[in-house]
Amino acid sequence: SPRVLFDPQHTVNHWIDLPLEIMDLIIQYMTENDIQMSRLVCKDWREALSSCIVTLKPRSFDMVYHHAFKNIVELDLTDCCGTLMDDNLVKGLVGLQGLHKLNLADCTHLTDASMTAMFGHEDSSLRNLRWLSLHHCTKITDKTVFALCGGYPQLAYTSIIEYLDLSGCILLTDASTKCIGYRMPYLQDL
């Protein structure tokens, strides 16, 4: 029997009232540029689109673009690693409190400055992060791991990260391993 996506009795007064299944079907045919441009259609369409996009893998990192999608759960920035710098990363990720998966693999321009700015305080919006790849982020050091672990003495939280990829992070020392062992009790894959 065919799957009913839409109840004919349901009245749609605003774009945001469309069933999520319909929005998903629309979005799967849109390019990144289509999504950016479609946000200009009207306020209701922008809100509907923003509320249902939960996974992004953009080719460029525009902080204004990401602030438009507060419901992002998964963000893969590997395609913009050549241009991704500390300042725009920190500004772009502020407020993404629902983010659970962040892929920064091969973002070789990133340093401890952005990582500590994002993770080095208790009220960080990224405290819900469960999956993080810093694969081949060659400029990060133990300071980044300490920030991820809440390892600074003034921080009292414990990280809920379950997956952490630090392969190719050549500046890390045994101090990072020790910190991870003590402050990441939910870690399942390193």
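The legends below describe close-up views of a predicted model.

**View 1. Confidence along the predicted chain.** The mean pLDDT of the chain is 78, and 82% of the residues score at least 70. Among the elements of the chain, the lowest mean pLDDT, 52, belongs to helix 4 (residues 63–67). The highest mean, 97, belongs to strand 5.

View 2. The strands follow the order 1-2-3-4-5 and pair in parallel. Strand 1 (55–56) and strand 5 (163–165) stand at the edges. Each of these two has a single partner strand, so one side of each is left without a neighbour in the sheet. Strands of a sheet pair through backbone hydrogen bonds, either parallel or antiparallel.

**View 3. Strand 1 beside strand 2.** Strand 1 runs parallel to strand 2 (residues 74–76), and 2 bridges join them. Thr55 is placed opposite Glu74 of strand 2. At 30% relative accessibility, Glu74 is partly exposed.

**View 4. Salt bridge between Lys101 and Glu74.** A search of the whole structure gives 2 salt bridges. In one of them, Lys101 pairs with Glu74, with 3.9 Å between the closest N and O atoms. Lys101 has a relative accessible area of 29% and is partly exposed. Glu74, which also stands opposite Thr55, is partly exposed at 30%.

**View 5. Salt bridge between Arg130 and Glu162.** The side chains of Arg130 and Glu162 form a salt bridge with an N to O distance of 3.6 Å. The two residues are 32 residues apart and link distant parts of the chain. Arg130 sits in the loop between helix 6 and strand 4, whereas Glu162 sits in the loop between helix 7 and strand 5. Arg130 is partly exposed, with a relative accessible area of 33%. Glu162 is likewise partly exposed, with a value of 29%.

View 6. Asp106 lies in the loop that joins strand 3 (101–103) to helix 6 (112–119). Its phi is near 65°, a positive value in a residue other than glycine. The relative accessible area of Asp106 is 35%, and the residue is partly exposed. Cys107, by contrast, is buried, with a relative accessible area of 0%.

View 7. The loop shown runs between strand 4 (131–133) and helix 7 (142–149) and contains His136. His136 is not a glycine, yet its phi is positive, at about 60°. With a relative accessible area of 35%, His136 is partly exposed.

**View 8. Cysteines without a disulfide.** The count for the model is 0 disulfides. Cys179 is in no disulfide, and its nearest cysteine sulfur, that of Cys149, is 3.3 Å away. Cys179 is buried, with a relative accessibility of 10%.

Conventions
Residues numbered from 1 in each chain as written. Predicted model: local features only at pLDDT ≥ 70, side-chain atom pairs only at ≥ 80, totals over all residues. Heavy atoms only, no water. Disulfide = S-S within 2.5 Å. Buried < 20%, exposed > 50% of the residue type's maximum accessible area, 1.4 Å probe, protein only. Helix = DSSP H or I, 4+ residues; strand = E, 2+ residues; numbered from the N terminus. Pairing = 2+ DSSP bridges. pLDDT = per-residue confidence, 0-100. Salt bridge = Lys/Arg side-chain N within 4 Å of Asp/Glu carboxyl O.
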